[in-house]
Amino acid sequence: MKLELRKITKKFGDFTANDQIDLVVESGTVHALLGENGAGKSTLMNVLFGLYDADGGEILLDDETRVFAGPGDAMAAGIGMVHQHFMLVPVFTVAENVMLGHEQVRGPAKLLDLEAAREKVREISDRFGFHVDPDAMVEDLSVGAQQRVEIIKALSRDARVLILDEPTAVLTPQETDELLEIVGQLRDSGTAVVLITHKLREVKAIADTITVIRRGKVVGTAEPTASQEELASLMVGRDVSMTVDKDDATPGEPMLRVENLTVIDEDTRIKLLDGVSFEVRGGEILAVAGVQGNGQTELAEAILGVVDAVEGSVTLDGTELMGRSIRDNLDAGIGFVPEDRTEDGVVASFTVANNLILDLYDREPYSKRGAIDPGVVSRNAEEQVEKFDVRTTSTEALTGSLSGGNQQKVVLARELARDLKLLIASQPTRGLDVGSIEFVHKRIIEERDKGVAVVIVSSELDEVYALADRIAVMYHGRIVDIVSPDTDRDTMGLMMAGAHGDEEEAA
Ligand SMILES: Nc1ncnc2c1ncn2[C@@H]1O[C@H](COP(=O)(O)OP(=O)(O)OP(=O)(O)O)[C@@H](O)[C@H]1O
Ligand SMILES: [Mg+2]
């Protein structure tokens, strides 16, 4: 099915998020939609999917004008969408989620719907090799599996136009390869695919055509043969350096000492962290690499005290952190960028200005004698928004109205604004555009050069190599080894599969 968008315009108040956007997606092709954070990509797709009313323009399917009053209409017309933020209900099973929103009948006959949904899940799962159990509870699934459920959900209605809004942002490199394979299969079977991603390698690997938007307008199209540098500069409107310059680290005294840290999953009794020990000096960056789910998240959280360790010790500049409150630990000079910004990073219903002082609102200079000083709060916000290039209509806008990447920038701006001894950042550039990644990497290196001890958890090897002075590789809750960034990718790959660890166990 051919999809055509003509002169789509969408405004939020005075702000024009989409300005007369034209886009044609032929059946049997993958059309990549590129653009910096806040460019208007998700907005355009939400218009297409019937979630937003356009202020102008037309949607055509096979040259026929269509009007979608809601997602139900769009789905009925053959459009499926996988959203940037998961829309699954965690306490429902996979089949129940797939059924949601298109129940055929009500009452007792609903059971038949559920049986049909389970069958559908099995069928699509088999067809694409998804290994998704229709009766599994969504909250028990890995993010990769949840992403596959979203795709099953979209495909279960025989979508002939499939919109994928940053489907790979939360996936491991292996899961990403699998997903791209599936996208290729769908394309070959005639589906028209719109793919939004910030990862230019993926664009080059899978896209047939590329449209770039900037500040709500189409600024150009490109061929997949274009270099990553060309695509990046078209997106951002300036040259972007794809590698960060950094001097060798000049590490000082050990700042963070982790000894024998052990975390146990309360339900399964599995050791998520198994006797982890290491040191990070002030002025160096330790990157924690590994296939997601091998204890990296728990490590970051256990250092701050977000999860409780059953054993071990964590000291910051000589002070024991374990057993203290998260707030006390933040006050001791820890900056923390959580892996999941929407869950733990920002409060969507608070303004940007208030999110930028989330834990500081009752302190000087933001509060004096128990009263918040709105002038100081607002000046701080203006400054941070400017520095981090947060695209928002105003510092008083609700943070939930910001684009995904801009919410991430709010978290980074807040955490990097304080005087730190230790920065712990999980997937710091997840969802950011190439220009913003360049900026954030520079800022992290600046912190290092100021003498801050930095721990970066990243499932992106490119990011690990760009930032690390030393790399800790984790497997099954343990550190396999800590190696230099000169270690080649193949060796890293082996270590991430546990190679060294197994030898140690055998010895
Ligand atoms: N519901 C809303 N209310 C007000 N403003 C909004 C709303 N949704 C989006 N915007 C604004 O529209 C702009 C475009 O947002 P959109 O989510 O489409 O960006 P995007 O290109 O998908 O970015 P990202 O790569 O970060 O996901 C943003 O600057 C955002 O602040
Ligand atoms: Mg988006």
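E415 and R414 form a salt bridge in which the closest N and O atoms lie 2.8 Å apart. The term salt bridge denotes a side-chain nitrogen of Lys or Arg within 4 Å of a carboxyl oxygen of Asp or Glu. Both E415 and R414 are buried, where buried means under 20% relative accessible area, exposed over 50%, and partly exposed in between (1.4 Å probe, protein chains only). Elsewhere, salt bridges with shared partners join K246, R448, D449 and D469 into one network.

This is a predicted model, in which local features need pLDDT of at least 70 and side-chain atom pairs count only at pLDDT 80 or more, while totals for chains, interfaces and linings use all residues. Residues are numbered from 1 along each chain as its sequence is written, and side-chain values use heavy atoms, with hydrogens and water left out.

Across the whole structure, the search finds 34 salt bridges. Three of them are tabulated here.

| Salt bridge | N to O distance |
|---|---|
| E415 and R414 | 2.8 Å |
| D19 and K217 | 3.1 Å |
| R391 and D389 | 3.1 Å |

The bridge between the side chains of D19 and K217 links distant parts of the chain, 198 residues apart: D19 belongs to strand 2 (residues 15-25) and K217 to strand 10 (residues 217-222). Strands are DSSP runs (E, at least two residues), numbered from the N terminus. D19 has 24% relative accessibility and therefore counts as partly exposed. K217, at 45%, also counts as partly exposed.

In the pair formed by R391 and D389, D389 is partly exposed because its relative accessibility is 36%.

Definitions and conventions. Chains lettered and ligands numbered in written order. Helix = DSSP H or I, 4+ residues; strand = E, 2+ residues; numbered from the N terminus.
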